[in-house]
Amino acid sequence: MEEKEQFFLEIYNLGIIKFGNFTLKSGMNSPIYIDFRPIASRPDLLIKLSDLLIHEVISYDFELICGVPYAALPIATTLSLRSKIPLIIKRKENKGYGTERMIEGIYKIGQNCLIIEDVITSGDSLLKTVIDLEKEGLIIKNIMSILDREQGGIENIRKKGYNIRTLFRIGEVLKILKKKHFLKKKEIHMIQFFFKKKNIKNIQNKRISYEEKKEKISHPIGKKLIDITLKKKTNLIVSADLIHTENILKLVNLIGDRICGLKLHVDIINDFSYSFIKCLKNISIEKNFLLFEDRKLCDVGYTNYLQLHYGIHKISSWADIITVHVLAGSMSIQNLDIPYSMGLITISEMSSYGRLSDDHYIRKALNISLKNPKVIGTVAQRKVDDRLLLFTPGIHFYKRNNNNIGNTYIHPVQAFEKNGSDFIIVGKAIYQSDNPEITAEEYRNAGWKAYKNGL
């Protein structure tokens, strides 16, 4: 303890703790701001810190090291050099040039990676790094942080199943500073108020219920979808990527009672007709589910308008929901003149392997979605604002990565627990199964159970 205490006093002199009124990255207000970045200018202290970390993680089994960007990167780099364990680098966002990779370095699927974080508050940025590394097929078991602000982050990370340890806790180091008379009276009062307030953000907050979500959704189709979900106790949407109407109708008659929505690609149907649409519409009313045309409109506004209202499919005359990209900007979905009874779902993040959308694009897509009153939700692989319904595609009980078609798959539990999903979209796993009716029921049960467990 004496070695750690002496080390902290050394780095404190670099000005790593500041007192005042700060807004943290997590959104919390705090009278204390902790910044380990000045240590990067002191190689001697980086070496001391890495040696302290090595002592703490010596029993961990890991083959790679990764620092949460960007403050922890020099710390992770020094630890890699001292331990001779390879480093990989996680980008905050795809730069759109070069390799366009989010993870830089040499690694193999299935390798264990130790994550290094500088300060734990809520754990949001840490979990984002964990998720991105796991998407690359790496195994994350152990996490090491330099300092825990004691605001619930450590506990929340552990609840997610990860082993996390920390060198210092904020209460512990403040006691050291007080004992050494490094703190002014005003600063002591600020600290006491801070801990009394117990400003804890729990990233493992219970998800809001569908009933609560309905209050936040303004569009009638969004509300209707939630009503169907609650009445039928299903958040399952089936993607019927079939090319013959007979097979689609057969599938729908088997699974219609177990779904809240049916997703179509009408432009792949060989024998499309209005009699087919009329029949499908009648079944959707009888079995109480919505028709979801996955057209992914992706052009300038006027072309999107024409594709929606005209041509052989006349989508606006029958679909309850249609998907749209926002690559062309917010105006591309501004004046589509869609019926009051039809909602839009934006595509913020696809489930395909090697997708080009980076964090910057996804944030902009979500912002456009929130500002358009016709948008009921979005497709993404992450938690989004509660004012949007979240639809998660690429669902499969068995984790697969089929590079022939470029799809990646996740389990229903991961969709709800890690991504905060509201609706899961399942395709091949159901319509290619030997018994679609039974398989659909299995996915319905899994999705509903995962939702209930999050409450």
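Asp132 and Lys90 are both buried. Their side chains meet in a salt bridge, with N to O at 3.2 Å. The pair links distant parts of the chain: Asp132 lies in helix α4 (residues 124–135) and Lys90 in strand β4, 42 residues apart. This is a predicted model. A search of the whole structure finds 25 salt bridges and zero disulfides.

**Salt bridges**

- Side chains of opposite charge can pair when their charged atoms come close.
- Glu5 is buried, because its relative accessible area of 14% falls under the 20% cut-off.
- Lys179 counts as exposed, because its relative accessibility is 51% and the cut-off is over 50%.
- Arg42 forms a salt bridge with Asp44, and their closest N and O atoms are 2.8 Å apart.
- Arg42 is partly exposed, with a relative accessible area of 30%.
- Asp44 is also partly exposed, with a relative accessible area of 36%.

**A salt-bridge network**

- Arg207, Lys213, Lys383, Asp386 and Asp422 belong to one network.
- Salt bridges that share partners join these residues.

**Helix α3 and its cover**

- Helix α3 spans residues 73–83.
- Its buried residues are Ile75, Ala76, Thr78, Leu79 and Ser80.
- An α-helix has 3.6 residues a turn, so residues three or four places apart point the same way.
- Helix α2 (43–57) is among the elements that cover the buried residues of α3.
- Strands β3 (64–67), β4 (87–90), β6 (113–120) and β7 (142–148) are also included in this cover.

**Cysteines**

- No disulfide is found in the whole structure.
- Cys260 is buried, with a relative accessible area of 0%.
- Cys298 counts as partly exposed, at 39% relative accessibility.

**A nonpolar surface patch**

- Tyr302, Leu306 and Tyr310 form a nonpolar patch on the surface.
- Together, these residues have about 340 Å² of accessible area.
- Leu306 is placed in helix α12 (residues 301–309).
- Leu306 is partly exposed, with a relative accessible area of 32%.

Definitions and conventions: Residues numbered from 1 in each chain as written. Predicted model: local features only at pLDDT ≥ 70, side-chain atom pairs only at ≥ 80, totals over all residues. Heavy atoms only, no water. Patch = residues over 30% accessible without salt bridge, like charges linked within 9 Å, V, L, I, M, F, W, Y side chains within 5 Å. Areas by Shrake-Rupley, 256 points an atom, 1.4 Å probe, with all protein chains shown as cover. Salt bridge = Lys/Arg side-chain N within 4 Å of Asp/Glu carboxyl O. Helix = DSSP H or I, 4+ residues; strand = E, 2+ residues; numbered from the N terminus. Buried < 20%, exposed > 50% of the residue type's maximum accessible area, 1.4 Å probe, protein only. Disulfide = S-S within 2.5 Å. Contact = heavy atoms within 4.5 Å.
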